Amino acid sequence: MQVTDSIRYVGVNDHQVDLFEGQYQVPNGMSYNSYVILDEKVAVMDTVDIHFGEEWMANVKAVLAGRTPDYLIVQHMEPDHSANISRFLEEYPQATVVATAKAFVMMKQFFGNDYADRRIVASEMSELSLGAHTLHFVMAPMVHWPEVMVTYESSERVLFSADGFGKFGALDCDEPWDDEARRYYIGIVGKYGVQVQALLKKAAALDIAVICPLHGPVLTSDLSHYVNLYQLWSTYTPEKKAVVIAYASVYGNTKEASLMMAEELRKNGKEVIVHDLARCDMAQAVADAFCCSSLVLASITYNADCYPCMKTFINQLIEHNYQKRTVGFIENGSWAPMAAKVMQKMLEGCKNLTMAEPVVTVRGAVTKQAKPQIKEQMSALAAELE
């Protein structure tokens, strides 16, 4: 695939993977992106996952058409991008590897070699000329590992963005960018909003026409759309006024209360997304909670605690820096309802959360005593959505 006349795509699609990073469902696979810049000198941008070394090397050689690469640019040392560094440098012993100082430390850890005799250590806005093309290296620590950098090519205004602006899904699947990019961002980078903001400020000073990420499609039009989403995500600002109801139910009563709440909200013209935490894609539920302005957590009381899948969900929200939302609670307990107290305690460290009142308490079945509480909390949530 041709990105520009001088920049070629040499990445691969992975339809073998079912869980990215061992936890994120990827029904449409993944892409591991790599690029070649052809100039007086030739630079290869990153490698790919270990399982696709043969295919990647064949792609690189086809684009090189007999030429010898001068540089391997390593932006990120996570193995889905770095696994073939050693192989590439053995194949091309005259090539120089360019990376951050921390990346070379990690190369020693992964490959037993930090390539001290054939390396260039990149620093903030250091440059590398390929001829007509000049690479400018921009440090991006913790987006999402500490050694990360991105690379700006100034002649064609291309940003090689490492994991930034990536998404789940192979390149040969047709799906909307926003949803899978959101799920990817929240899961992979969501904790590091401050660091993403720092990188966005650096990027704002660059004249960017094309974004080439390490996962997902090359972005060539309406770049403001993608940047605006990253601005929202990295500042933990809701994308829309809507409610996510996430429930953990055993015998169906907590589910009934949750669906009743959803129905009442919809009757009032509000958008609602419902997740059964025992069965849903947890990463999707987390992404939806970050997308929407309000959240209802509904759980049975289980061993004087909330239900295990609810604890997992809340822990994932906390780990990804959940904040600036309204949260309501539905608890169920036949003799000693405790779930709401536990869930509220878990969320105490989250910033700028508004707790919707009242807490809905169900004692076994959803009786007429619980229904007014559901309507009252619904009214509080609906007011927040105005």
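The largest pocket in this predicted model is lined by 18 residues, among which I300, T301, G333, S334 and W335 lie nearest its centre. A pocket is defined on a 1 Å grid over the protein atoms alone, as an open set of points where a 1.4 Å probe fits, with protein on both sides within 12 Å along at least five of seven lines, and its lining residues have an atom within 4 Å of a point. The space in the largest pocket amounts to about 330 Å³, a volume being the space filled by probe spheres set on grid points that are joined across faces, edges and corners. Its lining consists of eight nonpolar residues, 10 polar residues and no charged residues, where Ala, Val, Leu, Ile, Met, Phe, Trp, Tyr, Cys and Pro count as nonpolar, Asp, Glu, Lys and Arg as charged, and the others, Gly among them, as polar.

The second largest pocket has a volume of about 230 Å³, and of the 18 residues that line it, F165, L200, A203, I208 and V227 are the closest to its centre. This lining divides into 15 nonpolar and three polar residues, with no charged residue. Helices α6 (193-204) and α7 (223-234) each supply at least two of the lining residues, and α6 gives the most, with five residues.

Residues are numbered from 1 along each chain as its sequence is written. Because the model is predicted, local features need pLDDT of at least 70 and side-chain atom pairs count only at pLDDT 80 or more, while totals for chains, interfaces and linings use all residues; side-chain values use heavy atoms, with hydrogens and water left out.

The protein chain holds 12 helices and 21 strands, these being DSSP runs numbered from the N terminus (H or I of at least four residues for helices, E of at least two for strands). Along its principal axes, the C-alpha trace spans about 80 × 35 × 35 Å. Of the 386 residues in the chain, 58% are buried, where buried means under 20% relative accessible area, exposed means over 50%, and partly exposed lies in between (1.4 Å probe, protein chains only). Among contacts with a separation of 6 or more, residues 24 or more positions apart account for 70%, a contact being a pair with heavy atoms within 4.5 Å.

In soluble globular proteins, nonpolar side chains tend to be buried together. In this model the largest nonpolar core comprises 96 residues, and F20, W56, F88, M107, L297, M310 and F313 touch the most other members. Such a core is a set of buried Ala, Val, Leu, Ile, Met, Phe, Trp, Tyr and Cys residues joined through side-chain atoms within 4.5 Å. When its neighbours within four places in sequence are left aside, L297 is in contact with A246, M310, F313, I314, V327, G328, F329, I330, M343 and L347.

The structure also holds 16 salt bridges, each defined by a side-chain nitrogen of Lys or Arg within 4 Å of a carboxyl oxygen of Asp or Glu. One of them joins the side chains of R182 and E239, at 2.6 Å from N to O, and this pair links distant parts of the chain, with R182 in helix α5 (residues 177-188) and E239 in the loop between α7 and β16 (240-248), 57 residues apart. R182 is buried at 8% relative accessibility, whereas E239 is partly exposed at 25%. Together with D179, these two residues are linked in a network of salt bridges.

A further salt bridge is formed by the side chains of K202 and E124 (2.9 Å, N to O), and here K202 lies in helix α6 and E124 in the loop between β10 (119-121) and β11 (127-129), 78 residues apart. K202 is partly exposed at 30% relative accessibility, and E124 is likewise partly exposed, with a relative accessible area of 39%. The side chains of R119 and D114 meet in another salt bridge, at 3.7 Å from N to O, with R119 partly exposed at 32% and D114 partly exposed at 26%.

The loop between α7 and β16 also contains Y236, a buried residue with a relative accessible area of 7%. Residues up to four places away in sequence not being counted, Y236 touches G190, K191, Y192, G193, F290, H320, N321, Q323, K324 and R325. The C-alpha atoms of Y236 and Y35, by contrast, are separated by 32 Å, the two residues lying 201 residues apart along the chain.
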